[in-house]
Amino acid sequence: MRRFLVLIVCISSVAMCRVVSAQCSDEVFLRRAYLAVTGSLPTAQTCERFLDDDNFNKRERLVSRLVNSELSFKYMQMHWGDILRIKSEFPSNLWPNGVQAYNRWIYEQLMNNVPYDKMVRELLLSEGSNFRSPAVNFYRGFQQRTPENFYKNINLLFLGNRDCRDNGHLCFSQVRFKSTKEWKEEIIYLDYHKKVYYTQIELEDGTTLTPQQDSDWREVYVNWLTSSRNRRFAEVMVNRMWYWIFGRGIVHEPDDWREDNRPSDPQLLAELTDYFISSKFDMRKLLKKILLTDEFESEAAPAGYYTPQRLPAEVIVDALATVTGIWDTYSSRVPEPFTFYPPRTRATHLGDATVSSTELELFGKVSRDVSLEAQRNNEISSRQLLYLMNSSVLEQRIRKSGVLKKICEQNPTLEQLTDAITLRVLSRRATDSEKRLYKEYMEQNGLSLRDLALDMVWVQINSNEFLYNH
Amino acid sequence: MRKIYLTSVLLLALSFAATAQRAKSVILVYLDGGPSQTETFDPKPDTSRDYYGSYKGVAKTNVEGIEIGEKLPLLATIADKYSLIRSMTHGSNAHETGHYTMITGDASGGAVVYPSYGAVISYMKRDTYKGVLPCYISVTSANSRFNEGGFLGNEYKSFDTGGRPEKEVYEVEGIVNKFVDSTALSRRMALLEEFETLPMDKQKIDSLRAINMEFIWGQSREVFDLANEPDSVRQRYGMTRIGQSCLTARRLVEAGVPFVNVRTTGWDTHKKHFQFMNSMLPNLDKALSALISDLDARGLLDSTIVLCGGEFGRTPKVMWEAPWNGGRGHFGAAFSYLVAGGGFVGGKVVGKTNKTGEKVAERPVYPCDLIGTVYLLMGIDPYGTLPHVSMGELPILPSLLNSEQSNGLLYEIIDIKKGDYER
């Protein structure tokens, strides 16, 4: 009967040019939502509680809880940090104090769910010290601080336009920088004495802007940019959020909007954009809406609407730390002497592309050199597989894992052991056939329960099910 | 007309690749932190304690007229095998920008992040290099202050060996795992095969895993196993991190690896400079002289470029004042590099600094001049291009076209005549 229904859904979806496959299981949904929204694995207890929950609306309740969680704000902060290129050293050169203030500012926007248009306004119309008005760091993060570069970046970030040809950059020609005696403090201010030599700036879409003497010229541009009449502004954000969740934009690449790069599903994009604008640019509502679409709930398939994605570098690194209970330590090399991050800091929360580790580099941590989403490379490589297969550093972490030790010390049955590990690594209970497989494996190779546990963790972290959000 | 033009450019490029290549591999001995040129390759014995500190003399080399630091007596015996650049300059005194410039050849401050020359060589050799070992290897780790892959992407970044070559077991990441033997790994692989349920990228992942098994149990394991070397050879390089790293580099080059980055740290001597020099220079002397002579004895020096230097030099004037109490600061205005092999001739000195070493007096050499010369010797057109994801083809060394950032390739110390390849 269910198959039959699915078939009907499929047929009707094909008619609407949307391929929606069967709904994914609760196990898959939980892990998928956790990884997409918070970049972290659910704990074993969370998994059990969710799987044993009988409420019909448990998925919606989970999504509500997740989008309002601190972990979600922190993970979204990482996405923003990537495209705003937040980094202490080369090439953004924001330096640690600036990086910290900037991250804090973004976090507060997300925590307070500041509407998208307001957040962008504050970002682009900022003035003052980079320590006290953190949004001004936007203007600092350029090797060449020219109005043309600011404008190019603004076009890319907020309009998905890689090739701007109008002279809107004139609106940013008053921006000036002044350093203070404090190390790496800078004041961003506006030069109002610059004469208006032109009365009108014509934008690519035909809009005319009229900057006034003795005023912030950025304002006329930003008013136009963030207006709800500027549909592209909302579309780009909607599409970007979709990209963050699915790894593929409705318009793809998400920062390459052109006449000849059409959305794969114009109706979906239009619906979500209408919703986003009518919600007054509420980003949290938008996220929730996307998570409750049929697409997000559909079963993974290579050609289906939900395509499995390899986990981002920071997420894999955190997941390995969660599984073993042994976390890397991170430090900042500037200013000397080195500053250490608190123990158990998540890689997803570092906030500074200058701070890294061998593991993060291996899995392709974003270096934040450019504002393009494509800078993140989630392609699986032989070196990454080599590391998972045979790294003595990783093996040592599994062997030293207090978590694993604790599980083994409780003298579990084979079934209990299998469930405990599978819940921790793959966020689900083990299947019966898996339990049989492990049992045979243990007997064939004459392993102790502890040895079996080590091999089990190894097998699971090497499996696609672990490496991908599926 | 356009077609004819294109064909001739293509022919030129082909003839370029066919004839200009002298070297097959590069070994970069990178002294991270910025080594002092005064105690290494540009000694200033005629200055006062303010400049020369507690050092007095020099080491006279086997080449008439060339003197190097007194703590490098072994290198002094083989000066005919290498040349010295004493007029390297880029003017940056910050680690990250100095490092960026010295490792990419691009002046920092541009809008684009360039790849390191290891990554560029790795990219250029992607079709011709067929080895099992990665094309670009760092012993034991690369400096991660900026993204070495630059706009070429992560694929071309270095493979970091990790581990410690001077220890009894050199635990090369992913290859040598003291906890898991071949039986255990095969057992696990068989279990994984049965466990794997999700079909994503299966074919690709299976083939990558097979390559990795070959990598773990095949020739590469042998290459990294320094116990295969006679003890006398290991001792000659020195049982130090830098010594055994240089030995590893030689073995990698023998196995055909195109770019090896031997990175040693600790050269950022703001304090206790002379104490550090006394302890570090003998290790460098041993390792680098053994590397060059060993390559030479094996007939590999002709096809292997050896480079030694850091992101900048150190202030010629000693900072005797507190809190440094005898240190040297960062100095990007004038510093030295050693170059040998792979088409570089020996026994020459390029450039000169003034009496105190604070200024370049003759023939400034910019980072792109050195790296462009390395490209030329590796058969890579220094005036060629690299693909950028959104900007199309970009010049491989943009600074080479800028007279403020370049003073021309180092034709005076290579065996290729100027004019043959100059554009």
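1. A word on the basis. This is a predicted model, in which local features need pLDDT of at least 70 and side-chain atom pairs count only at pLDDT 80 or more, while totals for chains, interfaces and linings use all residues. Residues are numbered from 1 along each chain as its sequence is written, chains are lettered from A and ligands numbered from 1 in the order in which they are written, and side-chain values use heavy atoms, with hydrogens and water left out.

2. Start with helix H9 of chain A, residues 147–159. Helices (H or I, at least four residues) and strands (E, at least two) are DSSP runs, numbered from the N terminus. Just after H9(A), A:Gly160 takes a positive phi of about 60°.

3. How enclosed is H9(A)? Of its 13 residues, 11 are buried, so the helix is largely enclosed by the rest of the structure. Buried means under 20% relative accessible area, exposed over 50%, and partly exposed in between (1.4 Å probe, protein chains only). The cover over these buried residues includes strand E2 (175–179) and helices H5 (70–84) and H11 (231–246) of chain A.

4. A:Asn155 is worth a look within H9 of chain A. At 3% relative accessibility, A:Asn155 counts as buried. Beyond its neighbours within four places in sequence, A:Asn155 is in contact (heavy atoms within 4.5 Å) with A:Gly160, A:Asn161, A:Cys164 and A:Tyr221.

5. Next, the packing of H9(A) on H11(A). Their axes, lines fitted to C-alpha atoms over the stretch in contact, with angles from 0 to 180 degrees between N-to-C directions, are 8 Å apart at an angle of about 65°. The two helices are therefore roughly perpendicular, a label for angles of 65 to 115 degrees. A:Leu156, A:Leu157, A:Phe158 and A:Leu159 in H9(A) meet A:Arg232, A:Phe233, A:Val236 and A:Arg240 in H11(A).

6. Since 11 of the 14 are buried, H22(A) is largely enclosed by the rest of the structure. Among the buried residues are A:Asp455, A:Trp458 and A:Gln460.

7. Lastly, the chain contact takes 54 residues from chain B and 53 from chain A. The two chains bury about 5,100 Å² between them, 57% of it on carbon and sulfur atoms; buried area is the accessible area (1.4 Å probe) that two parts lose on being put together, summed over both. In chain B, B:Arg145, B:Arg188 and B:Phe195 lose the most area to chain A, together 15% of what that side buries.

Technical notes. The expected span of a helix is 1.5 Å times one less than its number of residues. Angles under 35 degrees count as roughly parallel, over 145 as roughly antiparallel, 65 to 115 as roughly perpendicular and the rest as oblique.
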